[in-house]
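Subject: Structure for you to look at

Hello,

Here is the structure I said I would pass on.

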Amino acid sequence: MNLMDNRSSVMDAAVVSGPETLRVERHPLPEPEPHQVRIRLQGCGVCASNLTPWSGPEWMHFPTEPGGLGHEGWGVVDGIGAGVDDLKVGDRVAALSYHAYATHDVADAELVVRLPPELDGRPFPGEPLGCAMNIFERSEIEAGQTVAIVGVGFLGALLTQLAARRGARVIAISRRPFSLAVARRMGAAETVEMEDHWQIIERVKKLTDGRFCDRVIEAVGKQWPLDLAGELVSERGRLIIAGYHQDGPRQVNMQLWNWRGLDVVNAHERDPKIYIWGIARAAAAVVSGELDPSTLYTHTYPLRDLDKALNDTRDRPEGFLKALVTYP
């Protein structure tokens, strides 16, 4: 990919030009409108939700807007629009912005979280960290409960740590031995390989003396793990759906859910204010030591290798958990 000489009035931005095809282009720097800020991005997390548009489904339109699909960015404010009073140039921030596969992006000031100085020099993909805090909040996990986490990717690993540090006994269930090792490092008391449906149920039943789990968080986004998660919830327990189920309709075992009297929480948010609350809460949790995601950022790529970052997020090579794209 050939890039022009750097100039202060331009930025580098990834453009997805077709299925699993991208290029890095030079574009004029975006100017913040009133009540917006411009951020010189230091990095952006790669989200699994990018994988469907990356594959080129029929509904997808190419090319994407410059920087499009990226929404886990953090960096430093370098431009201020009119009417912004509580942020200044030089503030290090995380933001809800949607063109963050680029060296710069703009965001509404109300969707920007100033990061505390304790996080200087540390990556902070705010959106997924905020999602973890919001899911944890809605799970209502307490010390002494037994909590099963079905699926230990980045999100499942964060939730494992949050639950364990709250004082819950965590049973982590995942397909990859690497992920189970991560779960143990994050505080899981027990780990179970996600292989045979009925063997998993019997294993969890034995581990809980037949009671099953007070809380079960499904963090995969596929039918089978959702089916499995429902089977693992105790009577009057809570099933928390954190997986991203956007590839088609799902069926649920309503007979079982009725019989056990389950509370079912679809722990996804669409209100930007709740997202921002979660990001701010995540920053505070990292500072306090309640949350430590540092070992979960396993792969880092320059912007020109965003295609490899996306493919690795899809293929999950050995040792992979979370990809970050970073900008010099």
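How do the residues of the lining of the second largest pocket divide into nonpolar, polar and charged? There are seven nonpolar, three polar and three charged residues in that lining. Here Ala, Val, Leu, Ile, Met, Phe, Trp, Tyr, Cys and Pro count as nonpolar, Asp, Glu, Lys and Arg as charged, and the others, Gly among them, as polar.

Before the rest, two notes on the source. This is a predicted model, in which local features need pLDDT of at least 70 and side-chain atom pairs count only at pLDDT 80 or more, while totals for chains, interfaces and linings use all residues. Residues are numbered from 1 along each chain as its sequence is written, and side-chain values use heavy atoms, with hydrogens and water left out.

The pocket

The second largest pocket holds about 200 Å³ of space. Its lining has 13 residues, and Asp 12, Thr 103, Leu 303, Tyr 327 and Pro 328 lie nearest the centre. A pocket is an open set of points on a 1 Å grid over the protein atoms alone, where a 1.4 Å probe fits, with protein on both sides within 12 Å along at least five of seven lines; lining residues have an atom within 4 Å of a point. Grid points are joined across faces, edges and corners, and the volume is the space filled by probe spheres set on the points.

The parallel sheet

Six strands make an open sheet with parallel pairing, in the order S10-S9-S8-S11-S12-S13. Strands (E, at least two residues) and helices (H or I, at least four) are DSSP runs numbered from the N terminus, and two strands pair if DSSP finds at least two bridges between them. S10 (190–193) and S13 (263–266) are at the edges with a single partner strand each, so one side of each has no neighbour in the sheet. From one strand to the next, the twist averages 15°. Within this sheet, S11 (residues 213–218) and S12 (residues 233–241) run parallel and are joined by five bridges; Arg 215 has Arg 238 in S12 as its bridge partner. Helix H2 (residues 126–139) packs on the sheet and touches S11, S12 and S13, with its direction at about 160° to that of S12. Contact means heavy atoms within 4.5 Å. Angles run from 0 to 180 degrees between N-to-C directions, with axes fitted to C-alpha atoms, for helices over the stretch in contact.

The antiparallel pairs

Strand S3 (residues 36–45) has eight of its 10 residues buried, where buried means under 20% relative accessible area (1.4 Å probe, protein chains only). Seven bridges join S3 to S4 in the antiparallel sense, with Val 37 opposite Ile 80. S3 also runs antiparallel to S6 (residues 104–108), with five bridges, and Gln 36 stands opposite Asp 108 there.

Strand S5 (residues 92–95) is covered on both faces: Arg 92 and Ala 94 are buried on one side, Val 93 and Ala 95 on the other. Three bridges join S5 to S4 (residues 73–80), and Trp 74 has Ala 94 as its bridge partner. S5 pairs with S7 (residues 112–114) over three bridges, again antiparallel, and the partner of Ala 94 in S7 is Val 113.

One residue

Regards

Key
Buried means under 20% relative accessible area, exposed over 50%, partly exposed in between (1.4 Å probe, protein chains only).
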